[in-house]
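Hi everyone, thanks for coming. Could you bring the structure up on the screen, please? Then I'll talk you through it.

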Amino acid sequence: MTVPIDVRDLLGHPGASRTVHVGEPVAGLATQVASVPEDRPVAGDLLFESVIEGLLVSGSLEGTMALVCARCLKPIESAFRIDVQELFAPGATPTDDEYPVTDGSVDLEPMIRDAVVLAMPFAPLCRPDCQGLCERCGGDRNLGECACPPETDSRWSALLELNFSDDVMGMARERRGEGRG
Ligand SMILES: [Zn+2]
Ligand SMILES: [Zn+2]
């Protein structure tokens, strides 16, 4: 998929500029916990400015992300607005910081992809105090589906039930040759 913009009117005319509206769905914008649905466009008005080095493209991109709560796995939607400012230069290669200008046009798709994927959260939450799913029964703690006893209590009581002090003392005595007579 490409979002090509003809920029022949700007190239080689430093100081010239115009605004370009983008409103394209961009396929494949996704991480494990976030995505922009393919039917939802990433939209914005971008200012194209002709500069000595090529074209400076700046503005903001807006859209909607579909997220999955990292704790309870509930689907959530979140609007986003991302500021971009990137240089497009003739002869730029994939290892350059600039995006390329090829045959008098630029493809905005890689810039949109980079900006949106970078803005995707690693651990989205449906709400700041989401209680998440129980690791033992899988119940949603937000909905009261989990009836497991509190984990910290059972862990401490298990420790308290262990009475290993005699064993440890006995092993220490054996090692010193004591405790057999
Ligand atoms: Zn949640
Ligand atoms: Zn549980």
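This is a predicted model: local features need pLDDT of at least 70, side-chain atom pairs count only at pLDDT 80 or more; totals for chains, interfaces and linings use all residues.

**Exposed loops and a buried core**

Let's start with D103, which counts as exposed, with 9 C-beta neighbours inside 10 Å. Residues are numbered from 1 along each chain as its sequence is written, while chains are lettered from A and ligands numbered from 1 in the order they are written.

D103 sits in the loop between β7 and β8 (105–107), and its phi is near 50°, a positive value in a residue other than glycine. Strands are DSSP runs of E, at least two residues, and helices are runs of H or I, at least four, numbered from the N terminus.

Now, inside. The largest nonpolar core has 22 residues, and L55, V106, I112 and V116 touch the most other members. Such a core is a set of buried Ala, Val, Leu, Ile, Met, Phe, Trp, Tyr and Cys residues joined through C-beta atoms within 7 Å. β5 gives the most to this core, five residues.

Which residues of α1 are buried? They are I112, A115 and V116. Looking down the axis of α1, its buried residues fall within an arc of 90°, so they line one face of the helix; the arc is taken from the directions from the helix axis to the C-beta atoms.

Key: A residue is buried if 20 or more other C-beta atoms lie within 10 Å of its own, exposed if 12 or fewer, and partly exposed in between; C-beta atoms are placed from the backbone.
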